[in-house]
Amino acid sequence: MTEKFYMSLKKGQVGEKKVIERLQEKEIEVKDLTNYSEHKYYQKRGIDAQLKNRKTNVWENFDVKSNIMPSGLAYIEMTKPSGDLGWLYKSKSDWIFHYCNYEKDIYFYRLDEMQNYIKSKERNNSLKTSRLKDGSHGY
């Protein structure tokens with residue numbers, strides 16, 4: 001494995017831990033599913049943890065992304081470098097949490113709402129996307 005992969009993995013693990021801690025500080029029940037070897041089923045579906053919705057008493061899935069740039073922008077992966085659908089469309093999470101390693105802030109949204117937002121921008125030709133060096137494509 002490359003050094004870049006390990007750095008990315010470490011950054012992601014920090015974000016997962018911080019989001020889970022912050023939710024627990026707010027007295028939100030959380031099931032931590034970040035241990036890949038124990039929770040492959042969830043991890044392969046883009047689920048890092050679950051939180052218990054206080055209003056409905058239902059467990060909801062969430063994924064943590066630690067990809068906010070120093071400029072404050074978060075990358076939303078629409079396609080992978082292979083051309084396959086990215087996490088925006090493949091994740092089975094209900095929520096996406098973005099952890100900013102620079103500001104130590106957390107931003108979040110319902111995944112279905114972001115999908116609808118992206119689709120509406122595509123329909124009216126106002127979506128500005130980027131292709132990263134690795135070949136992935138996103139917003």
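This is a predicted model: local features need pLDDT of at least 70, side-chain atom pairs count only at pLDDT 80 or more; totals for chains, interfaces and linings use all residues.

Me: How do β7 and β8 pair up, and over how many bridges?
Reply: They run antiparallel to each other and pair over 2 bridges, with β8 covering residues 137-138.

Me: What sheet do they belong to?
Reply: An open sheet of 3 strands, in the order β4-β8-β7, with antiparallel pairing. The edge strands are β4 (77-79) and β7 (130-131), each of which pairs on one side only.

Me: Switching to helices. How long is α4?
Reply: Helix α4 takes in residues 111-123, so to speak 13 residues, and spans 18 Å from first C-alpha to last, close to the 18 Å expected at 1.5 Å a residue.

Me: Which of its residues are buried?
Reply: Leu-111, Met-114, Gln-115, Ile-118 and Lys-121 are the buried residues of α4. They sit on the same side of the helix, because the arc they cover around the axis is only 125 degrees.

Me: Why would residues spaced like that point the same way?
Reply: An α-helix has 3.6 residues a turn, so residues three or four places apart point the same way.

Me: And what does the buried side pack against?
Reply: The buried residues of α4 pack against β4, α3 (87-90), β5 (95-99) and β6 (106-110). On the face turned away from that side you will find the exposed residues Glu-113 and Arg-123.

Me: Where does Asn-57 sit, and what is its phi?
Reply: Asn-57 is in the loop between β2 and β3. Its phi is positive, about 65 degrees, although Asn-57 is not a glycine. Asn-57 counts as exposed, at 53% relative accessibility.

Me: And Lys-104, which loop is that in?
Reply: Lys-104 lies in the loop between β5 and β6. This residue is not a glycine either, yet has a positive phi of about 65 degrees. Lys-104 is partly exposed, with a relative accessible area of 45%.

Me: New topic: how many aromatic pairs are there in the whole structure?
Reply: A search of the whole structure turns up 5.

Me: What about Phe-62 and Phe-97, how are they arranged?
Reply: They form an edge-to-face pair too, with 4.9 Å between centres and 65 degrees between planes. Phe-62 lies in strand β3 (residues 59-65) and Phe-97 in strand β5, so the pair ties together parts 35 residues apart in sequence. Phe-62 is buried, with a relative accessible area of 0%, and Phe-97 is buried at 6%.

Me: Which residues make up the aromatic cluster?
Reply: Phe-62, Trp-95, Phe-97 and Phe-108 form one cluster.

Me: Last one: where is Gln-50, and is it buried or exposed?
Reply: Gln-50 is in strand β2 (residues 49-52) and is buried, with a relative accessible area of 10%. Its side chain makes a polar contact with the side chain of Asn-61, at 2.9 Å. Gln-50 also touches several other residues, including Tyr-42, Trp-59 and Phe-62.

Methods: Residues are numbered from 1 along each chain as its sequence is written. Side-chain values use heavy atoms; hydrogens and water are left out. Helices (H or I, at least four residues) and strands (E, at least two) are DSSP runs, numbered from the N terminus. Buried means under 20% relative accessible area, exposed over 50%, partly exposed in between (1.4 Å probe, protein chains only). A polar contact is a pair of N or O atoms within 3.5 Å; within protein, one must be able to donate a hydrogen and the other to accept it, and residues adjacent in sequence count only if both atoms are side-chain atoms. Contact means heavy atoms within 4.5 Å. Two strands pair if DSSP finds at least two bridges between them. The expected span of a helix is 1.5 Å times one less than its number of residues. The arc is that of the directions from the helix axis to the C-beta atoms. Rings of Phe, Tyr and Trp (its six-membered ring) pair if their centres lie within 6.5 Å; planes under 30 degrees apart count as stacked, over 60 as edge-to-face and the rest as tilted.
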